Amino acid sequence: MAHIDDAQQAPWKAAAVRGPTPPRLLGGLTWRGAALAGAFAVASGLAIAVRRRGSLLRQGRALPRFAPADRILAAASPAVLAGTPERRLYAGRDLTRAVTIEDLRATAHRRLPRFALEYLEGGAEDEATLAHNIAAWAQWCFAPRALIDVTQRDLSTELFGRRMAMPLVIAPTGLNELFWPHADRRLAEAAAAAGVPYAQSTMSNDPMAEVARVPGLRHWWQLYVFGREEIRNALIDRAHDVGCEALIVTTDAQTYGNREWETRNNADPKNLSWGTKIDALLHLRWLIAGLLLHGMLRFANVVDFVPKDRRRFFDSAMWIRSQMDHALSWDTVKRIRDRWPRRLIIKGLLTVEDVVRAAEIGADAVALSNHGGRQLDWAVAPVDVLPEARRAVSNRLALFVDGGIRRGSDIVKALALGADAVLVGRAVLYGVAAAGMPGAARALAILREEIDRDLALLGARSISELGPRFLARPH
Ligand SMILES: Cc1cc2nc3c(=O)[nH]c(=O)nc-3n(C[C@H](O)[C@H](O)[C@H](O)COP(=O)(O)O)c2cc1C
């Protein structure tokens with residue numbers, strides 16, 4: 001009788017222990033061997049996938065789907081080896097414990113249902129533009145000056161003939177009510193408290209006149225050109241009448257970007273899946289504060305232009321989208337220039353030629369922007385264009401830059417490369433989505449602290465001292 005140890009010493013003898021030879025597949029491979037090979041293939045596939053995901057994270061690239069913010073940072077940090085030390089971002093409600101924009105983002109991720117998150121975070125198609133916006137800041141490193149007295153530091157700067165507390169503007173973003181009740185007003189209040197302008201979107205939810213009443217606000221109005229000429233003229237005149245300081249004409253969203261993840265997650269407002277509805281129910285704090293206490297969303301500033309039978313929220317969104325003016329041209333912008341007597345900003349330009357043209361038609365500023373990666377995929381990052389644009393127009397107009405700004409260091413780099421100020425979109429939205437006005441204020445405070453500390457570490461005493469001499473491009 002064969003002994004069990006025989007099998008241990010000589011595996012090929014095991015068959016004798018277990019009975020008759022198992023059936024064979026083609027080429028003499030056994031079923032058990034095939035199962036083992038299959039398991040090995042699956043395991044290697046998984047290992048490759050995990051490694052690939054890790055390497056994407058290390059490159060700071062956006063993932064093809066959403067990972068919670070803490071996982072991105074944890075895997076991205078060179079201080080972390082195979083998950084140790086274990087790191088977690090703060091995702092709770094105590095704002096004093098949110099030390100970075102990523103903490104606010106993690107809190108927003110906890111609070112919002114998935115379809116709202118998808119709207120906030122997502123980019124177009126493969127999200128290459130979105131990823132590059134963030135990665136582009138990493139192309140620049142700092143070259144700090146040593147032994148400079150930086151006891152006194154000044155973050156204030158002059159824009160359009162007025163001083164502002166720091167060179168930052170809250171970017172126009174539509175549908176903010178999805179994140180927090182009266183989010184437009186809350187953002188405006190945070191901006192006023194921080195001494196920076198707030199740009200209100202055409203697709204905002206709080207009435208322009210109400211936002212204009214926020215004490216001490218530098219109120220800008222962002223214009224989407226859609227429908228008949230009278231609509232745009234009416235919006236321009238209203239912005240004038242409520243005292244807006246500047247008008248931003250957005251040029252890069254006449255055709256709606258292809259945000260496939262919104263579609264995939266059934267975030268299409270006309271077609272909310274059961275999964276989406278249940279997910280919304282599971283985010284009770286969001287649901288109660290928003291829809292239950294506050295009611296259905298509406299585009300308060302444009303709904304009266306929408307035909308009466310299309311004024312329900314989803315319908316009005318679709319109607320406006322269908323009315324975007326595909327013929328929008330430099331001539332139209334010139335006509336807007338003639339009508340609007342105050343500061344005019346053209347947003348969404350990405351080539352030096354267009355920036356020069358904007359200066360020629362009398363714009364006061366250009367916002368270099370790819371709409372936060374939400375429109376054309378594989379678009380160049382605004383910061384890539386900035387140095388050349390500055391050289392081309394010198395001081396003929398103000399230059400703003402946006403896209404992927406999550407740190408004070410990104411802002412310092414933008415200023416050193418020639419921007420007059422930055423527009424910040426998601427970084428402040430994470431704050432408002434996490435905790436309303438105090439959350440937005442916390443986001444602005446974090447960015448301010450980071451800029452201030454970076455100035456000190458760089459050996460620069462003020463924003464006006466910043467220039468390319470503080471930067472190096474190592475490759
Ligand atoms: C949720 C969301 C909504 C936006 N809505 C608008 C809008 O209504 N009008 C506009 O000009 N830009 C809009 N943008 C683009 C922002 O103004 C800005 O260009 C962009 O957010 C900058 O990138 P960042 O989010 O990485 O900071 C939106 C961006 C986001 C994230």
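Does leucine 155, with its C-beta neighbours inside 10 Å, count as buried, exposed or partly exposed, and how many such neighbours are there? In this predicted model, leucine 155 has 18 C-beta neighbours inside 10 Å and therefore counts as partly exposed. The residue is placed in the loop that runs between strand 1 (141–142) and strand 2 (157–159). Apart from neighbours within four places in sequence, leucine 155 is in contact with Ala165, Met166, Arg448, Ile451, Asp452 and Ile463.

For the protein as a whole, the secondary structure comprises 19 helices and 12 strands, and 43% of the 475 residues count as buried. Of the contacts between residues at least 6 apart in sequence, 67% join residues that are at least 24 apart. The mean pLDDT of the protein is 87, with 83% of the residues reaching 70 or more. Confidence is under 50 over residues 1–31, a stretch for which the model has 19 contacts beyond four places in sequence. A further stretch, residues 45–71, also has pLDDT below 50, and the model gives this stretch 30 contacts beyond near neighbours in sequence.

The ligand is surrounded by 25 residues, of which Ala171, Gly174, Ser201, Gly372 and Gly425 are the closest. Helix 6 (114–121), strand 11 (421–424) and helix 19 (426–458) each contribute at least two residues to this shell. In terms of residue class, the shell around the ligand consists of 9 nonpolar, 12 polar and 4 charged residues.

Helix 19, which contributes to the ligand shell, also packs with helix 5 (residues 101–111), the angle between them being about 175° and their axes lying 10 Å apart. Since angles over 145 degrees count as roughly antiparallel, helix 5 is roughly antiparallel to helix 19. On the side of helix 5, the contact is formed by Ile101, Leu104, Arg105, Thr107, Ala108 and Arg111, which meet Ala427, Tyr430, Gly431, Ala433, Ala434, Gly439, Arg442, Ala443 and Ile446 in helix 19. The contact of helix 5 with helix 19 has 9 nonpolar, 3 polar and 3 charged residues by class.

Because 25 C-beta neighbours lie inside 10 Å, histidine 371 counts as buried. Serine 394 likewise has a positive phi, near 50°, in a residue other than glycine, and is placed in the loop between helix 17 and strand 10 (398–401). Serine 394, however, has 9 other C-beta atoms within 10 Å and is therefore exposed, whereas histidine 371 is buried.

Definitions and conventions:
Residues are numbered from 1 along each chain as its sequence is written. This is a predicted model: local features need pLDDT of at least 70, side-chain atom pairs count only at pLDDT 80 or more; totals for chains, interfaces and linings use all residues. A residue is near a molecule or strand if its C-beta atom, placed from the backbone, lies within 6 Å of it. Helices (H or I, at least four residues) and strands (E, at least two) are DSSP runs, numbered from the N terminus. Ala, Val, Leu, Ile, Met, Phe, Trp, Tyr, Cys and Pro count as nonpolar, Asp, Glu, Lys and Arg as charged, and the others, Gly among them, as polar. Axes are lines fitted to C-alpha atoms, for helices over the stretch in contact, and angles run from 0 to 180 degrees between N-to-C directions. Angles under 35 degrees count as roughly parallel, over 145 as roughly antiparallel, 65 to 115 as roughly perpendicular and the rest as oblique. Two residues are in contact if their C-beta atoms, placed from the backbone, lie within 7 Å. pLDDT is the predictor's confidence in each residue, from 0 to 100. A residue is buried if 20 or more other C-beta atoms lie within 10 Å of its own, exposed if 12 or fewer, and partly exposed in between; C-beta atoms are placed from the backbone.
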